[in-house]
Every structure is written in C-alpha cells, then in structure tokens.
Amino acid sequence: MTSVRELSFQTLEAVLKDGAYSNLKMNEVLQEHSLNAADRGLYTALVYGTLKRKLTLDFYLKPYVKTKIKGWVRRLLWMSLYQYIYMDKIPTHAIINEAVNIAKKRGGKQTGNTVNAILRQVTTQPLRDIERIKNKEERLSIRYSLPTWIVRHWLTHFGEETTEAIAAQMLLPAVQTVRVNRTKITVDDAIAQLKQEGYRVEQDHDITHCLIVEGHGVMQSQLFQQGKISIQDKSSMFVAEMMDLQPGHRVLDCCSAPGGKVCHMAEILAGAGDIIATDIHDHKIGLIQHNIDKLGLSGIHARQHDATAPYEGQFDRILVDAPCSGLGVLRHKPEIRYTMTPETVDKLVQIQLQILENVAQNVKIGGELIYSTCTIEQMENENVIYTFLKAHPEFEFTTMRDPRTDAQVKTLQLLPQDYNADGFFITKIRRKDQ
Ligand SMILES: C[S@@+](CC[C@H](N)C(=O)[O-])C[C@H]1O[C@@H](n2cnc3c(N)ncnc32)[C@H](O)[C@@H]1O
C-alpha cells in the first residue's frame, strides 16, 4: 500500500516536475484513494505546505547539500524539512525514516543514505537566519517563498506593510466556502442540512448565500452531490453579485469555464434571463454543461467560442472574467508563484485587451461590461481597464459599492486579508447613451 507521505511526494512530483495543477491533482488523488480524515489532512498539509514554502525550504536546505543531487531527491528533502520546521506533531525520527524509505524505494540504498545524512545534519543544527539577508526584496522573497519579481511588483503597488500582509495571507490554508443554489434550496435549509451532516457552518455577512464550511471536504456532502451548493471562493462570488442582473437580461459570459460565475448568474436570474457562456477550449464546455445540469439551471447555453472573434447580437451585460496570471489565488494554486513570469503577464495583458476590444461592440447602449480577474497584478487590472477606456470614450465607469467600506468605487481590488479569501479584481464600465 502507498503511504500518505508517498502519495504526497508523488503529487509534488506531478506538480513541480510534470506541471500538473495542484488543486486538480489533489482532488484526483483524494478521489482515487479512500484516506481517513487524519490522512487526508496530512496529505493536504504536506502537499500545500511544501509547495507554498518551496523557496524558504530550499534556503534552509542549501548549506547541507554539498554534492549534486537529483531533482526528486531535493523535492523529497523539501517535503521532509516542511514537516520538521512547520508541523509540530511529527517526531523527527519518523520524518527521517519515512524519507529514507521513499528514497531507497525509488533510488536504492545509496540515495537512502544520502537523504539520511542530509536530514540528520539539518535537524541537529540551528536553521539559517532569514533576517540576515540584507537585500529587502530577497529577504521577503525567502521569508514568504515568492520570486523577487513578484515581491518587487507588490512593493511598488502596495507598499511594504500591505505586501507583507498579502504574502503572509497567501501562506495560510484556503477557507472552504460554498454558494447556496437558491433555485433548489433555501439558505436556512442548506445550513441546517450541512450541520446535520456534521459540518460547522457560518453564514457570510456580505453575501448571505455564501457559507463558510468547516470539517471534512464539502465535496463529499450530500448537498454538494445533489447540486444544492457549489464550492466557490467568496471573492469570486462578488462578481455575479456586482453585475446588477435583472429579469429579462441578455448576458454573455465570454471566458466561462468551468462555469462558477455563470452558474451563479443563472441562480440569480432563476430562469428569467438568457445567458450565453463561451470558452475557447472545446473540452471545457463539458465542464460548464456538467455544472449547469448538476445544479438544474435553465436559461444558459454553453458553447465553444474564442472571445477575440466576433460575437453576434447585443447584450445587457457582458462578463469578461479574463484569463490572467492568477496571482490572487495562490492559496488554492500555490505553484503559480514559481511558474508565472513577467513576460507571461505581458502576453496576458494583450489577450485581456483584445477580448475587451472585441466584446465591447456587443454591449447594448446603456449596457454594462464587467471585467474581473483573480490576480492582484495592477498591470492586468487597473492598467488594462484604463487603457481600454482611453481608446473607448463611448464607455464610462459605473460605480460599485465597496463591501469593505460602503463607498462607491470605480474599481475593486480585493486582497486576501480583506475577507480571508482570494485576491480578486472587479470593475464595471457602461456603454453611454448616444
Ligand atoms: C479565469 S478563467 C474563467 C473562470 C470562470 N469564469 C468561472 O467563474 O468558473 C478564464 C477562462 O478563460 C478561458 N479563455 C482563455 N482565452 C480565451 C479566449 N480567447 N476566449 C474565450 N475563453 C478564453 C480559459 O479557458 C479559462 O477557462
């Protein structure tokens, strides 16, 4: 039988070496192996913890690696060090034994000996002091396990205090929130049934059909399986909430897969509207349709379409939930911090502008274009919308209520520390009357 640590290590290999997405890979592994609650917890903590702390762990490990070691051995050492430094309850000898077993199984006795020697040394010496790193960007990079280019951007845009707050929040586990499908169940009944199933449930203050659910994975709940709730981060729920959807509206969600926001819109409209959901990837249309069917929603049609190519017809609302760097969702997808580059951000900005440019023609006079991203990169957020507006005087901002302050704002940059949720950007522009 494969041990939990082996499973965790295999998942880390899949993510860090083969480029799998951590959240998808972890769901797949958890569905394949029926682990008990404690093992599920350990598995999740090891994978997410090691991914989130990779640069910090490597900083601590470096002085003890004096010969060339294979990539997988280094990754195994990171996972072991994560347990040693950040998890209280695991005895050091158990951490070393498990690592040596995995190393022997995969690389033979010699590799087992190397892993043993390195781990014994690290665990008997004091850890290096991060605070001694003189350069501020490098120090923050190691302290929060973020590449220096991200630290630099955040320092420029948010200042030191907020950068540290964002970075620290990104290291915390994500909170489990669900959206109640009010076309199938009332919020009160959903709360009662989840509690009956053994979950601790709290209703959100800002979005009353958002529930914070603690306990085991909510995917196993009956309510989830019956399509009465969907898993969605609170920040992401603000998008459909801010769209001011009205009965009879024609809506286009042009970057729609896997369909979280479009299903939320359909729940708000409850059949009293007409929504088109498109995505560039044909294989993702099935995911949207699966969600529509599971949630039993009507009035949505999903189809493949490249949002940079012309659409037919005019819409009251168009949502561009743009492909973006995803730097706001590092709690759910921690590896993005290592794979994203400034060059990719530049390319994404071009695509974001191209999509806005294209769909703008399909907004009715008086209709609204909503632009959102799950990033906190200003280049992809404020810069994109101001660039677009400069070239399109026929559009103007419509203000939204900032749920944090109640003030009317043009753009909403949610940071993870605001709601213990993802970083998200939302703005709305209106096509002026002529
Ligand atoms: C941020 S995700 C959308 C998430 C979705 N709105 C939700 O709430 O579940 C961005 C989506 O844009 C899609 N995409 C990327 N380029 C696109 C394009 N040119 N046209 C349409 N969709 C595109 C991606 O396949 C991805 O599914």
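Helix H3 gives the most to the lining of the second largest pocket, with three residues. Helices here are DSSP runs of H or I with at least four residues, strands are E runs of at least two, and both are numbered from the N terminus. Before going further: this is a predicted model, where local features need pLDDT of at least 70 and side-chain atom pairs count only at pLDDT 80 or more, while totals for chains, interfaces and linings use all residues. Residues are numbered from 1 along each chain as its sequence is written, and side-chain values use heavy atoms, with hydrogens and water left out.

Back to that pocket. About 180 Å³ of space lies in it, and the lining is made up of Gly41, Leu42, Ala45, Tyr82, Tyr86, Met87, Asp88 and Lys89. H3 (37-52) and helix H5 (71-86) are the elements that give two or more residues to this lining. A pocket is an open set of points on a 1 Å grid over the protein atoms alone, where a 1.4 Å probe fits, with protein on both sides within 12 Å along at least five of seven lines; lining residues have an atom within 4 Å of a point. Grid points are joined across faces, edges and corners, and the volume is the space filled by probe spheres set on them. By class, the lining has five nonpolar, one polar and two charged residues; Ala, Val, Leu, Ile, Met, Phe, Trp, Tyr, Cys and Pro count as nonpolar, Asp, Glu, Lys and Arg as charged, and the others, Gly among them, as polar.

Further along, Glu164 sits in helix H9 (residues 148-170). Leaving aside neighbours within four places in sequence, Glu164 is in contact (heavy atoms within 4.5 Å) with Leu140, Arg143 and Tyr144. Glu164 and Leu140 are 24 residues apart in sequence, yet their C-alpha atoms are 7.8 Å apart.

UniProt, in an unreviewed entry, puts "domain: SAM-dependent MTase RsmB/NOP-type" at residues 166-432. Such annotations may be inferred rather than shown by experiment; their positions follow the numbering used here, and feature names are shortened. That stretch is 33% helix and 25% strand, with its end C-alpha atoms 36 Å apart.

Now for an open sheet: four strands in the order E2-E3-E1-E4, with antiparallel pairing (at least two DSSP bridges between two strands). Strands E2 (200-203) and E4 (229-231) are the edges, each pairing on one side only. On average, neighbouring strands are turned by 35° against each other, direction ignored. E2 and strand E3 (residues 210-214) run antiparallel and are joined by four bridges, with Arg200 opposite Glu214 in E3.

| Helix | Strands touched | Angle with E1 |
|---|---|---|
| H12 (residues 234-242) | E1 (177-180) and E3 | about 30° |
| H13 (residues 260-269) | E1 and E4 | about 35° |

Cys374 is in the loop between strand E9 (363-373) and helix H17 (382-391). Not counting residues up to four places away in sequence, Cys374 touches Cys324, Gly326, Leu327, Gly328, Val329, Gly423 and Phe424.

Most residues other than glycine have a negative phi, and most peptide bonds are trans. The bond from Ala257 to Pro258 is cis, with omega near 5°, and Pro258 is in the loop between strand E5 (250-253) and H13. Asp406, not a glycine, has a positive phi of about 75°; Asp406 lies in the loop between strands E11 (400-401) and E12 (408-409).

How values were computed: Axes are lines fitted to C-alpha atoms, for helices over the stretch in contact, and angles run from 0 to 180 degrees between N-to-C directions.
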